[in-house]
Amino acid sequence: MPRCGPRHTGLAAARDVELVQQFADIARQEYLAVGIRLALHPMADLSTEPRWGRANGTFGEDANLASEMIAAYIRGFQGEQLGAQSVACMTKHFPGAGPQKDGEDAHFPYGKEQVYPGAQFEYHLKPFEAAFRAGTAQIMPYYGMPVGLSFEKVGFGFNKDVITGLLREKYGFDGVVCTDWMLINPVKVMGRELIPAKAWGVEHLSVAGRIQKAIEAGVDQFGGEACPEVIVELVRSGRIREERIDQSIRRLLREKFRLGLFDNPYVDPDIAEQTVGNPEFRKVGELAQRKSIVLLKNEEGILPLRGELKIYVENINPETASRYGRVVNNLANADIAILRLNAPYEKRKGLLESYFHAGDLDFQGREKEHILDVISRVPTIVDIYLERPSVIPEIAEQSVALLANFGANDRAVLDVIFGKFVPQGKLPFELPASMEAVREQKEDVPYDSENPLFPFGHGLTY
């Protein structure tokens, strides 16, 4: 991805299909320059469950918007058809990883269930249908296992009903299917298991049994695994037919030939240096940041700020802020305060769990007290990075202006606050009014929390 662009939720917030395709095309050129020919994205999942920790990798919760974005994104990477100038896309996580039970992620045993209390399974397929029409080269199933559906209750990477029945037969997909990582073997260090294999529903099977079930389900390749000898033994013992392995090898080789990897697998270091992160590409990334910022509240039209103001800032580089006003360290001396916040989450222990921002969506304890204290003492503008939807009713009520970003630097945010760029972003998901409303909504249904603080698509301008 261009190093200065927003997350995918930000591209969805910008509501600019041409920008998404341009953004992906820039990433294609950078990948191509350094020899990367496969992108493990886009995520076609829908963030219908606000607590899910991977919302910022999606294009939001609306299937129609996500479908438009996904198609443009794949065209930017692959072109109209896969060729020597393409980067292949591995669209994930089929058949849609968004409806995680209670918002917990399927990387972990307590998050292995995907649930559909609103009977919206087919809704989550729509972005994948757009990906198929755009010609995505590869598909990655997720770890999760379906609950309450007619499919076998095993992880999607082992699920023949889903990979062969739905993906291969119903949709006619004949590209590469690659599993997500660590599906077969756990991560061990000095013989001690640190991270279990995500073999949900087939935990009882041996490594060989898991591999056999995944291959019989329709998988072509195993992500992050290094045990080819097991597959060889499965074939030699007759448990898997050699013709079945040949089928997957044909798919993998066909893609490599289409990408031209057997014609010219080399890159030019000089071209790579000139291409990656060049000024023109960075300009597009900076523009995308600004287009993605959403103005949620503007009390009495206080924004854009004008004049020589004394500003108090938190989580903003003071040197950058000094280009927009006179920075003061004492809140009592400030005309206005500008706070940049990160969406709250529950801190959890564990090697992998510490990287996933999950759990409740509201500020609590001293952090919340400090934010509200600042707001109570001086007119305050709040900008929040919505890694996930956040529950911020008090902040929204008491701040004089409220903005949301999805990956934006200080300059981009301050440009919007001070009127150097007119805000135009629209929320790619709703912001719930309370945690009670979050717990009452259905994991698979879009924008269904009761009386949301800000609805899907909300966004003001000047």
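The legends below accompany close-up views of a predicted model.

In this predicted model, local features need pLDDT of at least 70 and side-chain atom pairs count only at pLDDT 80 or more, whereas totals for chains, interfaces and linings use all residues. Residues are numbered from 1 along each chain as its sequence is written, and side-chain values use heavy atoms, with hydrogens and water left out.

**View 1. The largest pocket and its lining.** The largest pocket has a volume of about 320 Å³, and of the 16 residues that line it, Leu-32, Arg-37, Ala-84, Asn-264 and Tyr-266 are the closest to its centre. A pocket is here an open set of points on a 1 Å grid over the protein atoms alone, with protein on both sides within 12 Å along at least five of seven lines, and a lining residue has an atom within 4 Å of a point. The volume is the space filled by probe spheres set on the points, which are joined across faces, edges and corners. By class, the lining holds 9 nonpolar, 4 polar and 3 charged residues (Ala, Val, Leu, Ile, Met, Phe, Trp, Tyr, Cys and Pro count as nonpolar, Asp, Glu, Lys and Arg as charged, and the others, Gly among them, as polar).

**View 2. The largest cavity.** The structure holds 3 cavities of 30 Å³ or more, a cavity being a set of grid points where a 1.4 Å probe fits but cannot get out. The largest cavity has a volume of about 60 Å³ and is lined by 13 residues, with Thr-48, Pro-50, Glu-61, Glu-430 and Gln-441 nearest its centre. Its lining comprises 6 nonpolar, 4 polar and 3 charged residues.

View 3. Helix α8, residues 242–258, has 17 residues and reaches 24 Å from its first C-alpha to its last, close to the 24 Å expected at 1.5 Å a residue (the expected span is 1.5 Å times one less than the number of residues; helices are DSSP runs of H or I with at least four residues, strands are runs of E with at least two, and both are numbered from the N terminus). Its buried residues are Arg-244, Ile-245, Ser-248, Arg-251 and Glu-255, and they lie on the same side of α8 because they cover an arc of only 120° around the axis, taken from the directions from the helix axis to the C-beta atoms. On the other side of α8, Glu-242, Arg-250 and Phe-257 are exposed (buried means under 20% relative accessible area, exposed over 50%, and partly exposed in between, with a 1.4 Å probe and protein chains only). Just after α8, Gly-260 takes a positive phi of about 75°.

**View 4. Helix α4 and its packing.** In helix α4, residues 126–134, the buried residues are Pro-127, Phe-128, Ala-130, Ala-131, Phe-132 and Ala-134, and they pack against α3 (63–78), β2 (88–94), β4 (138–141) and α5 (160–170). Ala-130 has a relative accessible area of 4% and, leaving aside its neighbours within four places in sequence, is in contact with Ser-67 and Ala-71, contact meaning heavy atoms within 4.5 Å.

View 5. Asn-315, in the loop between β10 and α11 (318–321), has a positive phi of about 60° although it is not a glycine, and at 58% relative accessibility it counts as exposed. Asp-410, found in helix α14 (residues 410–417), is buried, with a relative accessible area of 16%. Leaving aside neighbours within four places in sequence, Asp-410 is in contact with Asn-315, Ile-316, Asn-317, Thr-320 and Arg-340.
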